[in-house]
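Please open the model in your viewer and keep the selection panel at hand.

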Amino acid sequence: MIELKQVSKVFPTEDGDFEALSNIDLTINDGDIFGIVGMSGAGKSTLVRCINLLERPTSGAVYIDGENLMDMPPAQLRQQRRSISMIFQQFNLLMQRTCLKNICFPMEIAGVPKAEAKKRALEYLDIVGLPDKANAYPAQLSGGQKQRIAIARALASNPKVLLCDEATSALDPTTTRSILKLIKDINQRLGITVVVITHEMAVVEEICTHVAILDHGHMVETGTVEEVFSNPKTEAGRKLVFPEGANIDQFPVAGVVRVVFNGGSSYEPLIASLAIDCGVKVNILGADTRNVNGKAFGSMLLGLPQDKNEAVKAMNYLRAQKDVTVEEVPDYHG
Ligand SMILES: Nc1ncnc2c1ncn2[C@@H]1O[C@H](COP(=O)(O)OP(=O)(O)OP(=O)(O)O)[C@@H](O)[C@H]1O
């Protein structure tokens with residue numbers, strides 16, 4: 001289990017101290033595939049680098065299986081870090097070495113005998129689906145194949161945790177899906193906990209069990225993907241999950257509400273019954289749906305009637321519906 005307690009990270013800059021992470025509390029259980037999402041600059045990379053102390057938090061504690069990495073002497077920390085592997089957007093392979101030798105590299109450093117390292121590297125090549133690439137050089141591989149080799153190299157240190165920093169951001173959608181499938185397989189077959197940093201919600205929907213949303217260094221939401229994506233509670237969450245629905249500046253009207261469907265309802269019957277039951281007509285200003293674990297979740301922006309009584313009637317009607325959350329959008333520009 002990974003536990004971050006009150007983790008903060010302050011970078012000194014020319015303009016003074018900059019707090020990239022602020023009092024982050026986070027628990028990632030064994031076997032989770034945990035997504036960390038947020039806009040550019042939210043602090044995702046800094047957070048993931050704090051998990052293995054590549055970046056040392058300014059304050060707070062990082063526990064792996066109950067042991068605080070912040071208290072460990074350097075030798076013990078190096079040992080502990082081997083149980084946390086990482087893959088990156090740009091793969092970070094050694095270009096002068098063959099794939100086999102890239103995969104053997106962390107084992108060499110850990111003192112695994114050569115023959116044993118080679119045997120294990122061949123097994124990892126098999127797991128990532130590239131048994132015939134042992135003697136190829138990274139330059140001879142496609143992006144997806146390079147990431148597979150990087151994954152094999154990450155597995156070579158027999159990790160408990162795999163950290164993925166935008167691991168599919170440089171890949172096309174089809175290759176992305178195949179790499180995500182591989183990561184999911186590894187999680188299930190080898191029981192490795194996975195932490196995924198991404199700005200792509202589709203990646204979270206595809207493989208993550210849990211998610212945390214970062215906004216300007218603060219963790220503003222966390223929970224299962226279903227909980228958070230079906231009903232994001234913060235502005236940052238809604239912007240990420242329903243970018244269309246949250247893009248409100250382009251609809252210049254007053255009296256706007258956001259209606260979130262929690263998997264049990266759909267738009268049209270609700271809007272139709274609103275007209276029939278209350279005699280109130282509303283404008284659909286924007287709508288977006290997401291599919292989480294086979295259930296459809298949707299968000300819709302509605303423009304209420306100018307007439308105050310009608311608007312209140314519509315709000316009350318919407319609020320009385322099952323599986324629907326309604327909130328006013330006060331920052332809407334009328
Ligand atoms: N070494 C550093 N010195 C000063 N500021 C830093 C340093 N590293 C990161 N930052 C700042 O901390 C903030 C968070 O950066 P971080 O890279 O963690 O964000 P991110 O969410 O991963 O963004 P992106 O998706 O663009 O990679 C940014 O404003 C960044 O400029």
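Two residues are in contact if their C-beta atoms, placed from the backbone, lie within 7 Å. This is a predicted model, in which local features need pLDDT of at least 70 and side-chain atom pairs count only at pLDDT 80 or more, while totals for chains, interfaces and linings use all residues. For selections, residues are numbered from 1 along each chain as its sequence is written.

Begin with V280. Leaving aside neighbours within four places in sequence, V280 is in contact with L274, A275, P305, E310, K313 and A314. V280 is placed in the loop between helix 11 (267-278) and strand 12 (283-292); helices (H or I, at least four residues) and strands (E, at least two) are DSSP runs, numbered from the N terminus. Is V280 buried or exposed? V280 counts as buried because it has 21 C-beta neighbours inside 10 Å; the cut-off for buried is 20 or more other C-beta atoms within 10 Å, for exposed 12 or fewer, with partly exposed in between, all with C-beta atoms placed from the backbone.

Next, display the whole protein chain. Its C-alpha atoms fill a box of roughly 80 × 45 × 35 Å along the principal axes, and its secondary structure comes to 12 helices and 14 strands. Of its 334 residues, 37% count as buried.

Now colour by domain, with bounds that come from an automatic or database domain assignment. The chain is divided into domain 1 (2-83 + 159-230), domain 2 (93-147) and domain 3 (242-328). Between domain 1 and domain 2, the C-alpha centres lie 25 Å apart. Their contact takes eight residues from domain 1 and five residues from domain 2.

Centre on V195: beyond four places in sequence, its contacts include I28, F34, V48 and C164.

Finally, select the ligand. Of the 13 residues around it, F11, A20, S40, S45 and T46 come nearest, where near means a C-beta atom, placed from the backbone, within 6 Å. Strand 1 (2-13), strand 2 (16-28) and helix 1 (44-51) are the elements that give two or more residues to this shell. Helix 1 gives the most, with three residues.
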